[in-house]
Amino acid sequence: MGSADSKLNFRKAVIQLTTKTQPVEATDDAFWDQFWADTATSVQDVFALVPAAEIRAVREESPSNLATLCYKAVEKLVQGAESGCHSEKEKQIVLNCSRLLTRVLPYIFEDPDWRGFFWSTVPGAGRAGGEDDDENARPLAESLLLAIADLLFCPDFTVQSHRRSTVDSAEDVHSLDSCEYIWEAGVGFAHSPQPNYIHDVNRMELLKLLLTCFSEAMYLPPAPDSGGTNPWVQFFCSTENRHALPLFTSLLNTVCAYDPVGYGIPYNHLLFSDYREPLVEEAAQVLIVTLDHDSATSASPTVDGTTTGTAMDDTDPPGPENLFVNYLSRIHREEDFQFILKGIARLLSNPLLQTYLPNSTKKIQFHQELLVLFWKLCDFNKKFLFFVLKSSDVLDILVPILYFLNDARADQSRVGLMHIGVFILLLLSGERNFGVRLNKPYSVRVPMDIPVFTGTHADLLIVVFHKIITSGHQRLQPLFDCLLTIVVNVSPYLKSLSMVAANKLLHLLEAFSTTWFLFSAAQNHHLVFFLLEAFNNIIQYQFDGNSNLVYAIIRKRSVFHQLANLPTDPPAIHKALQRRRRAPEPLSRTGSQEGASMEGSRPAAPAEPGTLKTSLVATPGIDKLTEKSQVSEDGTLRSLESMSQQSSADGSPVMEEPEQAWREQRRLSSASASGQWSPTSEWVLSWKSKLPLQTIMRLLQVLVPQVEKICIDKGLTDESEILRFLQHGTLVGLLPVPHPILIRKYQANSGTAMWFRTYMWGVIYLRNVDPPVWYDTDVKLFEIQRV
């Protein structure tokens, strides 16, 4: 039968279904088989031939027919899984049912009255064979999920058959050990099966259905307390699913082994079409959804460096119920970590390769899913995090992240990408090794729209952060705290900043310490505190190599004097705010000596008007996102949350906890009748007295007269002479006692878990356009907006 006939017959069946007012019996096979038995329709056809309005009409007007359609389609998948899909006809039926369910499920989820439907039992669908034992009946959702899992390891359909000859009878589906059929070599599996286009396409169709099952989460509004587990994910990732381990491994290995370049030969993708990419993308999306797990509310597995012979470490206490999270947290072999890290770094760097060898490789689009996956790995598997930071391989993750941040900074539709990039860097910056690794010289010349500099990866990070703060769009302001916290966390370890980076940091201090900026919002002064803390760390712990920064501080000494003499009287505060109304520009770029951008780079572009984006929930403030720890002499960290408000050894109070400080400042600043916040003298005084300026003032007191003397004596206007003098200078014994290093480590919390959930589903919603699985359905987790 031709494909046109086949489409016509399918469409006729749909019309019959939508026009029937009477319920059709489940036993009327002649009617139901029209939907899957004799048609060969692609998933795109199914979406075109089953319009949204008609699905909704059946749902409202003849609900029992929609229920029977779903039940029969699931029944066909279960039969296919039972029989092992040997004939072409059976395979076709499975694919048709799979496409039909992918089309219909979102319309079941969008109606609260239908939400329980898949979790109800269907009379006669017993767990055990054919007996009508309703006590044992499985909910429809469970039958569907188990059938999908079985079908994903179905010889000659989704995996290579291991049969030696055609004489052997077909492999028995029930005794099949799916661990021998893992899709790709990598973690826990050494054998790389022959690539097979048909198997990849069939896997993809089934994974799309699986993702659609999981997408019920999109139809529930974001609730702050909803650590609510997704029942579909919960069941699929439980011990009920006998394929959980091989499927987890298959998905992870498929993603991490993928090489879009095509066997390392540039331009190879122009000769061969790459059918693997859609599967890899789908695998990445299914993987991150199965790993959506609020680690703040559950015991996460501990880390204890022991090693056993298996890919999953068995020595840890039993982890979360979700087996995918559990397996992920127990990977521990060095070669597995290497495989995962290399794979993710290779894929994240792919868009960068594009820039200096245009079109040499296929450009992948799923970097946001990869960043979520990398986040989950670091968050759930501390051994992986330590492995990443153990060598300079972490820089292969850092550079692409900085590239994405810089590239997306002007694009309102990519706010989520900006956040996840910054969150990952915040997580990494809580570990000493990250700061140490940043000292490696930066030589890769990825064309980026940033000033040219010669220096280290730390310089790259600072220059990109400066660019985000001074020329990103308004909605990035909530990230400034995070960006500067990262700078503070790494500052004690930075051996030598370039002049470009040093000037950028001082330009930020200059911009953030203008009176109108300090007085125009209750939290703005925190940015000044962060920058001063970073300067203090470098001066106290890395003075020797940082003559560029010291020189920049001396040149901009007026900024520090202005801060020390900040006016606090009401008329001055009023005047500063008046000035603001005339010049609402967020941060001036003047005085930053931009310098030419790198050759071959394109400026960061705003979103095209009309670009779709999904809304995100607010992220927690930096005080909720992080926990303060103090670095002891031996390099170990101890939490300060428990010991706040004690005095430190030299009698000066440990920095006040932000929570308390903010409550105090809220009390001191007045809120006018309109609910508008306004600064008061008491409020300014309350934090001005705590500005940590002592170290810098002492440094200026000692060095400025010496530098001035050199200039007068030698009639110098030449920087290099002064820098040489500063390089050999020393402040030993002249500075206040070094303060303890404070690190603000990311801590899991339900606020970020909710943010990740909305971000991840938003990405999946927008990226699935062919077919548009969720488009125009009534999702509740986020809003769809146009830029």
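Q: Which residues does glutamate 54 touch, not counting those up to four places away in sequence?
A: Contact means heavy atoms within 4.5 Å. By this criterion glutamate 54 touches Arg11, Val14 and Thr18. This is a predicted model, in which local features need pLDDT of at least 70 and side-chain atom pairs count only at pLDDT 80 or more, while totals for chains, interfaces and linings use all residues. Residues are numbered from 1 along each chain as its sequence is written, and side-chain values use heavy atoms, with hydrogens and water left out.

Q: In which helix is glutamate 54 found, and is the residue buried or exposed?
A: Helices (H or I, at least four residues) and strands (E, at least two) are DSSP runs, numbered from the N terminus. Glutamate 54 belongs to helix α4, residues 52–61. Buried means under 20% relative accessible area, exposed over 50%, and partly exposed in between, with a 1.4 Å probe and protein chains only. Glutamate 54 has 18% relative accessibility and therefore counts as buried.

Q: How many helices and strands does the protein chain hold, and what share of its residues counts as buried?
A: The protein chain has 32 helices and seven strands. Of its 787 residues, 56% are buried. Among contacts between residues at least 6 apart in sequence, 77% join residues at least 24 apart.

Q: Which contacts does leucine 703 make with residues over four places away in sequence?
A: Leucine 703 lies in helix α30, residues 694–714. Beyond residues up to four places away, it touches Phe543, Val550, Ile554, Leu726 and Leu731. With a relative accessible area of 3%, leucine 703 is buried.

Q: How is a nonpolar core read, and which residues touch the most other members of the largest one?
A: In soluble globular proteins, nonpolar side chains tend to be buried together. A nonpolar core is a set of buried Ala, Val, Leu, Ile, Met, Phe, Trp, Tyr and Cys residues joined through side-chain atoms within 4.5 Å. The largest core here has 244 residues, and Phe35, Phe118 and Trp761 touch the most other members. Helix α6 (residues 88–109) gives the most to this core, namely eleven residues. Leaving aside neighbours within four places in sequence, phenylalanine 35 is in contact with Phe10, Ala13, Val14, Leu17, Leu69, Asn96 and Leu100.

Q: In what order do the three strands of the open sheet stand?
A: Two strands pair if DSSP finds at least two bridges between them. The order is β3-β2-β6, with antiparallel pairing. β3 (637–639) and β6 (742–746) stand at the edges with a single partner strand each, so one side of each is left without a neighbour in the sheet. From one strand to the next, the twist averages 40°, where axes are lines fitted to C-alpha atoms (for helices over the stretch in contact) and angles run from 0 to 180 degrees between N-to-C directions.

Q: How many bridges join β2 to β3, and how many join β2 to β6?
A: Strand β2 (residues 626–631) is joined to β3 by three bridges; serine 629 has serine 639 of β3 as its bridge partner. The hairpin of β2 and β3 has five residues between the strands, and there glycine 635 takes a positive phi near 90°. Five bridges pair β2 with β6. Lysine 628 has arginine 744 of β6 as its bridge partner, and threonine 626 stands opposite tyrosine 746.

Q: Are β2 and β6 mostly buried or exposed?
A: Five of the six residues of β2 are buried, and this strand is mostly covered. In β6, four of the five residues are buried, so this strand is largely enclosed by the rest of the structure.

Q: How many cavities of 30 Å³ or more are found, and which residues lie nearest the centre of the largest?
A: The whole structure has six such cavities. The largest cavity contains about 110 Å³ of space. Its lining has 13 residues, with His293, Trp375, Asp379, Ala753 and Phe756 nearest the centre. The elements that give two or more residues to this lining are α14 and α32.

Note on methods:
On a 1 Å grid over the protein atoms alone, a cavity is a set of points where a 1.4 Å probe fits but cannot get out, and a pocket is an open set with protein on both sides within 12 Å along at least five of seven lines; lining residues have an atom within 4 Å of a point. Grid points are joined across faces, edges and corners, and a volume is the space filled by probe spheres set on the points.
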